[in-house]
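Work through these exercises with the model open beside you. Try each task before reading its solution.

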Amino acid sequence: MNADSRDGIPDGWQPAPLGDICDIQAGGPALRRSEGAPDGVPLVRPADLRHRRISPEPGMPHVSPERSRDFRRHRLVADDILVSRTGTVGRAALVTAHEQDWLYNSHLLRVRPYDPAQSLYLVAYLARRATADWLESRAVGTTGMRSITVRTLSDLPVLLPPVEQQRDIGAALAAIDEKIRAHEDIVRTTGALRDTLSDLLMSGQRPPRP
């Protein structure tokens, strides 16, 4: 169903702008590489959003504990949703308890559902191709530097089934995402093993027998 559609809505489902059911806030610090701290509060970037979860890329920046106090309102809590504001606009990820109190940078928007029970459904809805197309069509700026605003994301029309159905839909899609992440971990680990074995074999060495 197109995100703009108002026809053919199933019984019991209701359309609502995302801003009516969530608090949406713009991103936090724009940290330069030289300002990073070896220890401190992790700062989430769009590159860290993968398969609807936060999966930190190597070199994830950290904000010093002292400076992080200036960004208390940009602290994440479990069941928040992060949405990329620039680049590939609309990429979404759910914040879990593991990322509690992390920060997010200026290229992300934070979506906090007024009812946390809706988070799994909403992150799945935000991840839909139709939603990405709707946001991309309303992004502003030049190619490669397009972005969306809090107002644009707030205006996004969302179709809401009854809460129990939201939970079922969100849980089913989250389970699939978990399988995707598990298979990616296997592929990554097996690839690293293959590279190591290749180096050994092509240098005339034999790998140790198990």
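Buried means under 20% relative accessible area, exposed over 50%, and partly exposed in between, with a 1.4 Å probe and protein chains only. Helices (H or I, at least four residues) and strands (E, at least two) are DSSP runs, numbered from the N terminus. This is a predicted model: local features need pLDDT of at least 70, side-chain atom pairs count only at pLDDT 80 or more, and totals for chains, interfaces and linings use all residues. Residues are numbered from 1 along each chain as its sequence is written, and side-chain values use heavy atoms, with hydrogens and water left out.

**Exercise 1. Strand β3 and its sheet**

Task: Find which residues of strand β3 are buried on each side, then place the strand in its sheet.

Solution. 
- Step 1. Take β3, residues 41-44. V41 and L43 are buried on one side. P42 and V44 are buried on the other, so both faces of the strand are covered.
- Step 2. Recall the general rule: in a regular strand the side chains alternate between the two faces of the sheet.
- Step 3. Look for partners. Two strands pair if DSSP finds at least two bridges between them. β3 pairs with β6 (residues 62-63) in the antiparallel sense, over two bridges. V63 in β6 is the bridge partner of V41.
- Step 4. Turn to β9 (residues 103-104). Two bridges join it to β3, and the two strands run parallel. L43 has L103 as its bridge partner there.

**Exercise 2. Residue L103**

Task: Decide whether L103 is buried or exposed, and list what L103 touches.

Solution. 
- Step 1. Locate L103 in strand β9.
- Step 2. Read its accessibility. L103 counts as buried because its relative accessibility is 0%.
- Step 3. List the contacts, where contact means heavy atoms within 4.5 Å. Leaving out residues up to four places away in sequence, L103 touches V41, P42, L43, V44, V63, S68, F71, H74, R75 and L76.
- Step 4. Compare sequence with space. L103 and P42 are 61 residues apart in sequence, yet 6.2 Å apart C-alpha to C-alpha.

**Exercise 3. Helix α4**

Task: Explain why the buried residues of α4 line one face.

Solution. 
- Step 1. List them: T131, A132, W134 and L135 are buried in α4 (residues 129-138).
- Step 2. Look down the axis of α4. The buried residues line one face because they fall within an arc of 160 degrees, taken over the directions from the helix axis to the C-beta atoms.
- Step 3. Check the other side, where R129 and S137 are exposed.
- Step 4. Name the cover. It includes α3, α5 (150-155) and β11 (157-160).

**Exercise 4. The loop residue T86**

Task: Where is T86, and which residues is T86 in contact with?

Solution. 
- Step 1. T86 sits in the loop between β7 and β8.
- Step 2. T86 counts as buried because its relative accessibility is 18%.
- Step 3. Beyond its neighbours within four places in sequence, T86 is in contact with H107, R146 and S147.
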